[in-house]
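Subject: Model handover

Hi,

Here is the model I promised to pass on. Have a look at it first, and then read my notes below.

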Amino acid sequence: LLNAYQWKKANFFLLRTKWNSNPYIRGGYSHGAAACDAEDLGPRDFLLPILDDEKNIKILFAGEHCSVEHFSTVHGAYETGQKQALVLLKHLQRKTK
């Protein structure tokens, strides 16, 4: 991806957790908090990119917690990963034009 869009020198960081191989975690679960309900915040809000002052994407979230229709499922995680990958690709394409 980075090579395709000539971002070799870009300030780019990707964090992928591996909780399934961590001997201290061995799994996880997410749920909506009551405070989120009070503020009308939900999974869709996690899909909004966090931008810097120049409108560059700094953080994108994906995972089952971001899925409106498939919350707490593997296919919800997969679906949001695909959506966020497209968001990032479109962003990178605009930056290279």
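Before the charges, a definition: patches are made of residues with over 30% relative accessible area and no salt bridge, with like charges joined within 9 Å and nonpolar side chains (Val, Leu, Ile, Met, Phe, Trp, Tyr) within 5 Å. A salt bridge here is a side-chain nitrogen of Lys or Arg within 4 Å of a carboxyl oxygen of Asp or Glu. Lys and Arg count as positive and Asp and Glu as negative, while His and the chain ends are not counted. A charge is placed at NZ of Lys, CZ of Arg, CG of Asp or CD of Glu. Accessible areas come from the Shrake-Rupley method with a 1.4 Å probe, and for residues only the protein chains shown count as cover.

Now the housekeeping. This is a predicted model, so to speak of local features we need pLDDT of at least 70, and side-chain atom pairs count only at pLDDT 80 or more, whereas totals for chains, interfaces and linings use all residues. Residues are numbered from 1 along each chain as its sequence is written, and side-chain values use heavy atoms, with hydrogens and water left out.

Overall layout

The protein has three helices and two strands (DSSP runs numbered from the N terminus: helices are H or I with at least four residues, strands are E with at least two). Read from the N terminus, the order is α-α-β-β-α. Of its 97 residues, 15% count as buried (buried is under 20% relative accessible area, exposed is over 50%, and partly exposed is in between, with a 1.4 Å probe and protein chains only).

The two patches

On the surface, D37, E39, D40 and D45 gather in a patch of negative charge. E39 sits in the loop between α1 (34-38) and α2 (43-46), and it counts as exposed because its relative accessibility is 58%.

The other patch is nonpolar: F46, I50, I59 and F61 make about 320 Å² of it. I50 belongs to strand β1 and is partly exposed, at 39% relative accessible area.

The aromatic pair

Which two residues form the aromatic pair? The structure holds one such pair, and F46 and F61 form it, edge-to-face, at 6.3 Å centre to centre with 80° between the planes. It links distant parts of the chain, as F46 is in helix α2 and F61 is in the loop between β2 (57-59) and α3 (74-96), 15 residues apart. For the cut-offs, rings of Phe, Tyr and Trp (its six-membered ring) pair if their centres lie within 6.5 Å; planes under 30 degrees apart count as stacked, over 60 as edge-to-face and the rest as tilted. F46 is partly exposed because its relative accessibility is 37%, and F61 is partly exposed at 35%.

K55 is not a glycine, yet has a positive phi of about 70°. K55 is in the loop between β1 (50-51) and β2, and is exposed at 59% relative accessible area. S72, also not a glycine, has a positive phi of about 65°. S72 is in the loop between β2 and α3 and is partly exposed at 35%.

Buried spots

I57, in strand β2, is buried, with a relative accessible area of 18%. G76, in helix α3, is buried at 0%, and its C-alpha atom is separated by 7.9 Å from that of H65, 11 residues apart along the chain.

Cheers
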